[in-house]
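Visitor: I'd like to learn how to read a few features of a model. Could you take me through them one by one?

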There are 2 protein chains.
Amino acid sequence: MTALDDHDVRPTVTTGPIPGSAKTHLPVDDPASGRTLRVPQRRVGLSDGTHIDLYDTSGPYTDDTASVDVHAGLPRLRADWIADRAPIGGAVTQAAYAKAGVITPEMRFAAAREGVDPESVRSEVAIGRAVIPLNRCHPEAEPMVIGKNFLVKVNANIGNSAVTSSVAEEVEKMVWATRWGADTVMDLSTGKRIHETREWIVRNAPVPIGTVPIYQALEKVGGDPAALSWEVYRDTVIEQAEQGVDYMTVHAGVLLRYVPLTARRVTGIVSRGGSIMAAWCLAHHRESFLYTRFEELCEIFRAYDITFSLGDGLRPGSIADANDEAQFAELRTLGELTHVARGHDVQVMIEGPGHVPLHKIAENVRLEEELCGEAPFYTLGPLATDIAPGYDHITSAIGAAQIAWHGTAMLCYVTPKEHLGLPDRDDVKTGVVTYKLAAHAADLAKGHPRAREWDDALSKARFEFRWRDQFHLALDPETAQAYHDATLPAEPAKTAHFCSMCGPKFCSMKITQDVRRYAAEKGLSTVAAIEEGMRDKSAEFADGGGRVYLPLAE
Amino acid sequence: MTALDDHDVRPTVTTGPIPGSAKTHLPVDDPASGRTLRVPQRRVGLSDGTHIDLYDTSGPYTDDTASVDVHAGLPRLRADWIADRAPIGGAVTQAAYAKAGVITPEMRFAAAREGVDPESVRSEVAIGRAVIPLNRCHPEAEPMVIGKNFLVKVNANIGNSAVTSSVAEEVEKMVWATRWGADTVMDLSTGKRIHETREWIVRNAPVPIGTVPIYQALEKVGGDPAALSWEVYRDTVIEQAEQGVDYMTVHAGVLLRYVPLTARRVTGIVSRGGSIMAAWCLAHHRESFLYTRFEELCEIFRAYDITFSLGDGLRPGSIADANDEAQFAELRTLGELTHVARGHDVQVMIEGPGHVPLHKIAENVRLEEELCGEAPFYTLGPLATDIAPGYDHITSAIGAAQIAWHGTAMLCYVTPKEHLGLPDRDDVKTGVVTYKLAAHAADLAKGHPRAREWDDALSKARFEFRWRDQFHLALDPETAQAYHDATLPAEPAKTAHFCSMCGPKFCSMKITQDVRRYAAEKGLSTVAAIEEGMRDKSAEFADGGGRVYLPLAE
């Protein structure tokens, strides 16, 4: 492991619990090793004496007691697990263990976070419908699983560019993103000090880290796509593999003959990696080294247990280009490559669009599953319309919830700055929280066993005017409370049986509670009781001379 | 018309064009009257010499030249149309004219805004699948049509409460909401000076105004639901009808026997009107006057051409309560009432939920259409999850886009303050823009003939690095430009062929354009050309001795 070097890098990161939550650890026995795994949870204690345990991605940073030293990096949680393990047929990948019927500690850990049986994780990884993206050189990360039969995951992109940002900012963005729920983080740096930025990020990351190695390779050759070569690329991949990158985007599906298919598009090629490879293919008039050397790449990935994220270099960048020939031609090639990688016991995810109108979303999932053997789908949004720059976290959350419901396993977030600028810290939070709610909406629709309890706990708190519980159960407690404070800042409002929307006389929930109390007192809580009462009233009506509308005073 | 009284009310409202847009008017001949209608459009002029005309809801406030006097109210656009018209069978409703085969100027105006044939508007109104909500006492409003075969519409709620807000604030909120695209506005005031607030709003509103008369009726009886009566309610409806309210929410489907169906709900009754009527029914142990006097109400609505918005008083307020017996029992009653109203030639919309998980949304539309004769569905969101207070404009936009795609005709916006506080001016804008993008996503998915051209114009501007055109075409040009300025404020960046996300070397769009130019120069723009080139390379390869990877230097 490269020692962290602090010559002019002094990151400070956000620590401490989220308001109303405390970090707890669920002890999980691993019979194979005799160890007890400590699986993190965010426990929200409620004022009615109950609590709810939520999935936690934030690592030791939200512990009450843990001391965090970003210069030392996080504790090496998996170091012993990795050291203890014998390769299977030369492979150290989760896929190889899963196929051999072995439940690794990583599978057990991930299963406990999901609240599912460890065998279901093993089985899904074995058939390639789920992945556990964990490089053996990233022992700091807490294991998690990505697959359509588990909770929908969210990735946050960070990274500097030639135009802005520093190492310290990016480390804090990583910690900040996981604080609000990012399940993985991609470092997409293309600016200065790429290697050093990544080292700081990986050593301090409690979640899997992804990269797009072609970006750093392009930097190494001075930014000219035609100057790229397999050798430069391979060395870059190994450099990043040694650092512990858990999954890598590889745009190996951009074939030379697909490039003309983009010629009449409204927005051409919008993937950076895709456009770089298209330029290379055309300049050399041959297939890219990512495609021709794919089996060699598999061998490198196998040695570290890096997961492929096969990039959609030809994804649509506008509604006009959605589901076109270029996009699906590449998807077919990604399907071929998926099966090649699986033959090497290497795990695979498939990246997806982009910009897709609502009625074309389902087809993306159907084709991906059919062509790529149900490898976990990992989509960017998609944006359901192009007309709202500044609000593309929302246009894309609409598409993201929809595609995740249909089976996408991980969603790459989009921030409000999409298409306009680089996200700052606030944008990262907005993007992550927006995508967590989209992912959760899909979990509900898919009927994940533990999804509904969170909604029910919050709605129960809302109905019972437990305002603080409502804030604490929110995905973003700080914003929820700040918005309440904006209208009713005084302390008594936090226990009031109404709120500012309606005021005391117009509070439907208060009236409902009055209605329930009245009905209980009068024995009118069931349909039968009501109907009996109606018969009595009907008799009264007949006795009263048949006037339809009795004076209200009576 | 009540004269506007300014004793301590001095509203100032936002005027002037949206950046990059100019108000134009499409002249449309109305053969019946010999008049030429002036149909407003928002014209966005582009730097490539083209322009695009967008639907405009903002009234004279965004005209370059119009002088606005909120004390005088807006010009009475429809005054002559209304005066000229003879009743049909005693009715002055758009439904009555439509059934008689008459294309009113309102239908022609609305059709021109949609870009459709006026006959299609008449036909949809005649069968009740669309409504034109225009009280004959609100001649200031610009006609528009609500129905599943037209553009999806957005309503913005405003209104004071006992806790906050003034008349001046509410008038500005109305103007502000229509500026950003609200197609109708509901005044839900429950605080002081309800009548006066509404008068200012209606006289200055270029869009239809909706209310919930039971709120004001409840104020009149001191806030005790049991003290309400038909007489108080009827007088309130007539008072509001005279002011020009275009549509009214009536919770006539809350029957006494449905109240116990809500007893085991997580969040009981969350509709204010629903809880008020449930309290009344239970206290009096009989059906509400809204139900028993419904035909009398129809006669009042018929005299003014007020549109019913039949309220879903028992809508679910949480994921747990979605699609339950209480909700659908009430919907069946709303269906009965729809047919009663139609018998009086009164127009009807049906209000819908609320909180519904994604997989239960389609059923809401299917049942509404089946039970209520395809009356336009008008839904509040729905929110696709309960766990994100502070972000409920987004949780609900996810559900709104989905339900609108399935056939909902109008979406009631939700602001970020939902469940937490009263929306301020910024929240109103965020809510409207969020809902406009959700509505547009649905228009795209439904294949509305004019929807795609907006997306294509924006994406084309994006691909061609026409930054200013991109801002001007955005739903919210101000925010789009502000976000770009945040990273690259300098003037040259507005014409730069890259942006801050990637920097110049990593700009996929720039590389794509290079690729296209290169391909055109070398004659490699088609698949055939590429394949011919591949055959040549293949021959070269054989000649070169069969080495697979030639040195890149060559």
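Guide: Let's start with surface. Accessible areas come from the Shrake-Rupley method with a 1.4 Å probe, and for residues only the protein chains shown count as cover. Here, chain A has an accessible surface of about 17,800 Å², and carbon and sulfur atoms hold 52% of that. A word on ground rules: this is a predicted model, where local features need pLDDT of at least 70, side-chain atom pairs count only at pLDDT 80 or more, and totals for chains, interfaces and linings use all residues. Residues are numbered from 1 along each chain as its sequence is written, chains are lettered from A and ligands numbered from 1 in the order in which they are written, and side-chain values use heavy atoms, with hydrogens and water left out.

Visitor: What share of the residues of chain A count as buried?

Guide: Buried means under 20% relative accessible area, exposed over 50%, and partly exposed in between (1.4 Å probe, protein chains only). In chain A, 66% of the 554 residues count as buried.

Visitor: Now a single residue. Which residues is B:A480 in contact with, beyond its neighbours within four places in sequence?

Guide: They are A:P389, A:L420, B:F471 and B:A474. B:A480 sits in helix α18 (residues 477-487) of chain B, helices being DSSP runs of H or I with at least four residues and strands runs of E with at least two, numbered from the N terminus. B:A480 counts as buried because its relative accessibility is 0%.

Visitor: And the backbone: where are the cis peptide bonds?

Guide: One joins A:P353 and A:G354, with omega about 5°; A:G354 belongs to the loop between β11 (348-352) and α13 (361-371). Another joins A:G381 and A:P382, with omega about 10°.

Visitor: What is the phi of A:D305?

Guide: A:D305 has a positive phi of about 60° although it is not a glycine. A:D305 lies in the loop between α11 (294-304) and β10 (307-310) of chain A, and counts as buried at 2% relative accessibility.

Methods. Contact = heavy atoms within 4.5 Å.
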